[in-house]
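Hi,

Here is the structure for your files. My notes follow below it.

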Amino acid sequence: TGDQWGYGKEDGPSAWHINYPVALGNRQSPIDIVPDETTLDRDLGPIFLDYDSCTSINISNNGHSVVVEFVDSDDRSMIRGGPLDNPYRLKQFHFHWGEKGHEGSEHTVAGLGYASELHLVHWNAVKYRSFTDAASAPDGLAVLGIFLETGDDHRWLHLITDVLFMVKYKDSVTDFKGFNPKCLLPNRLHYWTYLGSLTTPPLHESVTWILLKEPIVVSDKQLGMFRMLLFNGEEEDERKKMENNFRPPQPLNGREVRSSN
Ligand SMILES: NS(=O)(=O)c1c(F)c(F)c(S(=O)(=O)CCO)c(N[C@H]2CCc3ccccc32)c1F
Ligand SMILES: [Zn+2]
């Protein structure tokens with residue numbers, strides 16, 4: 001079936017265009033952010049994140065990343081403001097990471113990668129009836145991207161790394177209630193924003209990207225816990241460590257990248 005994509009040599013980002021031709025589209029993500037070439041837009045207001053800890057449901061390994069899903073049948077966990085014309089509902093968050101410290105993020109900044117990148121995926125429930133409808137609409141999704149750099153332990157990330165052993169294999173899932181992703185935000189919410197796409201198949205060009213300039217700091221040990229996850233299912237013979245699950249930067253094609261103050 002079409003969902004046989006991955007991050008390996010045969011099924012990785014350079015082959016995705018075969019089953020997903022939009023991979024060669026003109027608003028693909030991620031991109032390299034060149035701060036000096038961004039446009040400071042004084043009309044860009046602050047973003048507001050109102051997350052309710054009662055909306056987290058579970059944590060799972062879907063064979064591509066580790067994903068925390070949220071209740072998205074109401075407006076309890078929302079992002080609004082900034083470049084967004086409507087409030088968007090939190091659907092899930094997941095991570096991308098490498099095998100060593102200097103690469104692993106999807107977006108790069110002046111050519112430099114971070115060790116990891118956290119994506120909080122939101123959808124426009126004002127204009128669309130479901131996440132699926134929104135996921136293929138040009139203003140359907142808003143993904144908040146947060147860079148992770150290595151240093152001291154992150155005081156709250158252990159809430160996630162402590163349960164990763166429960167979702168070691170593809171298609172494993174376990175309850176994950178009462179988690180508020182606000183604890184994963186940096187101190188300042190200055191951001192870059194541009195119009196792009198999902199960074200995994202189906203690669204829909206439906207994402208307003210909002211990337212926080214300030215990374216959060218996590219330890220090598222904490223990040224190493226993510227690498228004990230496997231791409232493969234428990235029944236498969238081959239053990240493939242889940243790492244380097246990031247798409248490299250794509251052509252900007254003349255797009256504007258705006259900067260909040
Ligand atoms: N980097 S990203 O933000 O573009 C992005 C991912 F990188 C990623 F891995 C996923 S996924 O659901 O874990 C795997 C396949 O979509 C999604 N999930 C989205 C995309 C499609 C879909 C369908 C249902 C639920 C979530 C998603 C995603 F939006
Ligand atoms: Zn992502």
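Where is the place of Asn244? Asn244 sits in the loop between α4 (220-226) and β15 (258-259). Its phi is near 55°, a positive value in a residue other than glycine. Helices (H or I, at least four residues) and strands (E, at least two) are DSSP runs, numbered from the N terminus.

Some ground rules. This is a predicted model, where local features need pLDDT of at least 70, side-chain atom pairs count only at pLDDT 80 or more, and totals for chains, interfaces and linings use all residues. Residues are numbered from 1 along each chain as written, chains are lettered from A and ligands numbered from 1 in the order written, and side-chain values use heavy atoms, without hydrogens and water.

His94 in strand β7 (residues 88-97) and His119 in strand β9 (residues 116-123) link distant parts of the chain, 25 residues apart.

His94 is buried at 13% relative accessible area, and His119 is buried at 1%. Buried means under 20%, exposed over 50%, partly exposed in between (1.4 Å probe, protein chains only).

Last, the backbone. The Ser29 to Pro30 peptide bond is cis, with omega about 0°. Pro201 to Pro202 is also cis, with omega near 10°.

Best wishes
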